[in-house]
Amino acid sequence: MDASTQSSPVSAQIPLTFPQRIGRWFVQRGESFAAGLLTAAIALYWMHLQVTTWGMSSLTTGSLLAAGVLFLAGSGWRPNYAIRLGGLAVLCGLTLSTPWWWASWDAALASVIGSAGVWLACLLNGALLAGLMLSLAWWNSRKEAAIGTNSLFWLGLAGGFWLATAALAPLMPTYWLAAAATVGFAVQMMIPSARLIDNKQFAGWPRLNFSPIVSALLLGVCLPAVYRIASQLQPETTLVFFGVVASFCLGLALSRWKWLSERQLVVLTVTALVLACFPLWIRYYLLVSSSVSLTSLAIVLRQLGLIAFFAPFGLLVGCVCLPTGSRAEGKLFVQSWQISCFALLTGATVGWSLISAFGPVLLVAVCLIAFAALTCLRGENGFVWKQLAQPRRAVPAAVAASACVALVWSYQPEFSARSLFSTHVFQSWRNGRPLNAVPGLDDGRLLSVRESSSGTLTIWRHQGTHCQLRLNGVPAGRISSNATLVPQPAGGTLSAVLPLSLHPAPRQVLLLGLESGLGLKTTLEFPVMQVDCCEQNDALLQEMQSGALSETLASCWADDRVQLQAGHPALTVRRLKEKYDVILDTPGNSAVYRQADQFNAGRYAWLAERLAEGGLYCQRFTFTDYGPDALRSVAETLQSAFGYVTAFDTAPGEMLFVAARSRDDVITKDLIQRISAPQVRRSLARIGWDWSVAMNLAHFEQDALQEVKGYGQQNAWSSPGSFRLATEMMRWGNKWDEVRTVLANKPQHLLEHYAEEKEMADVLRRLSDVAAREQVLVKHTDQFWVYRKSVKKRLQDEPRTIIEPVKGEGLQKRIHPEDQRRLDYFETLGNATQQKACSLESLSAVEEYAYPYDPLVSYFLHAEIAKLYQRSAPPQPDLELRHWLHSLYFGSQQERSVRSIHRSLELIANADTEFTAAERYDHANTLMELLKIRWHMRKGKQDLSQAVLLIDLKDSLRACNLALEAMPELGKEAGIDPAQTEVRIAELERTLTRMLQSHRAEMLAKASKPNYPLPPADE
């Protein structure tokens, strides 16, 4: 008999009408669900506040762990109603007042970190969170909605997380949701509890059963590993993070149902089978990404996948860890479930630390098999070996173990990284290409897979020498391992070159995040005194120091100016005391939830304090997945922290925000002299740019975004922040054009601020040279030598002179050094050309004119030398190939030349060069992809004769056949999987060889068509 029946036994005997029964159910049960909803809103806000302030740093994770331990330690106490009411009031007060005291709390913890270490800060912050958790737990346990005893509470908690994450938080700040929850709790304070529970005193320690403790430990180890597996299937946004929490709470709710709790082996089997079907999940998420354009439906379908992964784990954890004792016995078995929860937290901590060493699959397989064996043998009085002979236990356990073994073979993070995070793959899938053809869709080749504390790091080879990094599938940086052959990415190079040129005299530089190492490599080209680098990804650092990137970055680690600080940027910024002239920030994809703190107003305020007088803060921002609203939100947040902000258009789909205390710190004097310095010329030449192109960069002030609504400043109480970015990323639309349309209204170029400078004439002249180069490449297909006419015409029509003092002769008028260099180049080139068999000395003399970079000479010089190497004595196929590759990779995106590709493929397939088999394989792979692009660009053009096209088609087919025949042997020698080579060859035959054959057949048919004369017109 319950408490309400004892208090009014007469009323319980009166029959209730149907509406009364509904009302009574709502009061007794619906209140539990409502309590879960309100608790979810509060919990989401506080969790979001932690992540947006300190990211997924050791302070955040350590605080949550300390909070869990302290919560479990204090959860056995049941205070009286007044204390519960007071605790809830404190919770509501602290929640509503966070905008006013949170910055001070952050500063206090930063002081603790600097003086005592992170562990004490974790303990203090964890104590705060534990107090908030206990306030909620004590308040909810005053009635039958007690945590751990009512499925409706956990169901409300799951529903609250889903509702807030997918529907409400993208529209309003989480602070508003928490404020609404405090109003709901205030209403609860005024309503008498439906069924009060008397405080029960502890009646002695129960007998401990080690089986649930070991089971909880095993499940704890599994949880971070399963989360790592799930994060390979979709970007790790707020929808994933809080979707996992909601799915886990749903499982806890299901564990309160006796029918499911008694079938743990069946649930375990389903869990193992779900994980083992990883290839099917790739197909499922690929179908959702490529076919579902309605954002709300896509969110629902993605959440169903998370439910399948984590609800069974929540169910198993609920069966093991949640209290199951009956209140009627007068005992609260808190000690048993507390110890199990301690074991769960311990297992999660151990599992997270072991992922980097053993990988998520091995941890899941071992722990689930051990859990199956433990559950199968567990009896009322210990282990019962005879139970192995029972089919209802042995069969599910055997199936679960088999599924775990299958998971080891079916888990392919590199395949999901290539399939689920590429628009090209989505389009190919929609056009009917099978999934097994994905490895051959482009020139990418896997180099390595590494597990780290931040995620699964995969490194890919693209474009011959490019190393592309992906973290949990999301692109995380790119660098060319040989910039003499393949240009460096423009965005990564300019993010260092531009601020180091804008600042008059940079000495102290801080790099937050190394990405691919390109920013560090470029920074060291400048005369800076100290470069402090902060990087948290241990696996990435190992790859840079001793792995796939070590050879490229070896000179960086040998430079004594570099100071490496391994750790999370959020904590590093709070520890630092130095002032920096330039801070370069590469935060990664802004939609990834672990990066949320790097776009937060609080972090910008900390960084503003680290800037020296006249210092610059620069942050890269990729906007390909967003509309213009996201740009305005970031710009507003930066301006509020620094005072002035502008954004430079550095690469397609990418901007570089530059913030300073005033506009004069960005638009500085004597910029033209600094940006034309030798180190800038060298760095920009590696991306195929002249220094004058940097002066023509477009940049946008904040007033260009005034007509855009924006999300508000990035913090937990003013903006939806990461929640809005997550849904915006899933929205279908031409977002790039949306941004371009808005920014095209008020474009500005850097050179406009220096129009009165005397050096501007040189800038404009060099820009005209750049335009002339592009004109030659676009209009004169396979006729690179036409550039000679352009250069000679400029030397004759627009000669430049300088006046300089000559000893003994006074002031003399001399030809400009750059024009003189061009004349000397043509003289040297002419001497080499006149030789019947070109000597290596003459060719080396020509090659010396490649640097410093000349926009009308440096690029075409490589094609000239490559041609001359064809008749060198002795033959030098290796050097010839290097110059052809430079000419191809540094060419214009609008270029249609194919004959240099033919020659390069012939050298790769037949010649004995110093290139390794892997390098030859990669270059052949990329060059055939480039050949396909250029033939597509040739279609519809009428400037090439039919005879020329037929000859080029014939040579293209011959070169492709040579390369395709050589690829299997090159792949085998390089240690590349033969199956991958076969898939790539099949794709090239389908998209390139057949296309060329079809095009040639069409042209031959057109050429063989008789040209009959027209009949005379009727008179």
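Student: How many helices and strands does the secondary structure of the protein come to?

Tutor: The count for this predicted model is 42 helices and 17 strands.

Student: What share of the residues counts as buried?

Tutor: Burial is read from relative accessible area, with under 20% as the cut-off. Of the 1019 residues in the protein, 57% are buried. The exposed surface comes to about 42900 Å², and carbon and sulfur atoms supply 59% of that area.

Student: Which contacts in the protein join residues at least 24 apart?

Tutor: Take the contacts between residues at least 6 apart in sequence; 76% of them join residues at least 24 apart. Ala651 belongs to strand S12, residues 644-651. Ala651 counts as buried because its relative accessible area is 15%, below the 20% cut-off.

Student: Where is Thr375, and is the residue buried or exposed?

Tutor: Thr375 sits in helix H17, which covers residues 360-377. The relative accessibility of Thr375 is 7%, so the residue counts as buried.

Student: What does the side chain of Thr375 reach, and with which residues is Thr375 in contact beyond its neighbours within four places in sequence?

Tutor: The side chain reaches the backbone oxygen of Phe371 at 2.8 Å. With neighbours within four places in sequence left aside, the contacts of Thr375 are Gln264, Leu265 and Arg393.

Student: How is a pair of helices described, for instance H7 and H9?

Tutor: By the approach of the axes, the crossing angle, the handedness and the residues that touch. The axes of H7 (residues 118-140) and H9 (residues 174-189) come within 12 Å and cross at roughly 40°. This crossing of H7 and H9 is left-handed. H7 contributes Leu136, Trp139 and Asn140 to the contact, and H9 contributes Phe185, Gln188 and Met189. By class, the contact residues of H7 and H9 are 4 nonpolar and 2 polar, with no charged ones.

Student: Which peptide bonds are cis in this model?

Tutor: The general idea is that most peptide bonds are trans. Among the cis cases here is the bond from Tyr851 to Pro852, with omega near 0°. Pro852 lies in the loop that runs between helix H36 (840-847) and helix H37 (858-869). Another cis bond joins Ala873 and Pro874, where omega is about -5°. Pro874 is in the loop between H37 and helix H38 (877-889).

Student: What is there to read in the phi of Asp670 and of Asp782?

Tutor: Most residues other than glycine have a negative phi. Asp670 has phi near 60°, a positive value in a residue other than glycine. For Asp782, phi is likewise positive and near 60°.

Student: Where do Asp670 and Asp782 lie, and how is each classed by relative accessible area?

Tutor: Asp670 is in the loop between strand S13 (654-660) and helix H28 (671-675). Asp782 is in the loop between helix H33 (760-779) and helix H34 (787-797). Asp670 has a relative accessible area of 43% and is therefore partly exposed, whereas Asp782, at 12%, is buried.

Technical notes
Residues numbered from 1 in each chain as written. Predicted model: local features only at pLDDT ≥ 70, side-chain atom pairs only at ≥ 80, totals over all residues. Heavy atoms only, no water. Helix = DSSP H or I, 4+ residues; strand = E, 2+ residues; numbered from the N terminus. Buried < 20%, exposed > 50% of the residue type's maximum accessible area, 1.4 Å probe, protein only. Contact = heavy atoms within 4.5 Å. Areas by Shrake-Rupley, 256 points an atom, 1.4 Å probe, with all protein chains shown as cover. Polar contact = N/O pair within 3.5 Å; in protein donor to acceptor, adjacent residues only side chain to side chain. Axes fitted to C-alpha atoms, helices over the stretch in contact; angles between N-to-C directions. Left-handed = near helix turned anticlockwise from the far one by under 90°. Nonpolar A, V, L, I, M, F, W, Y, C, P; charged D, E, K, R; others polar.
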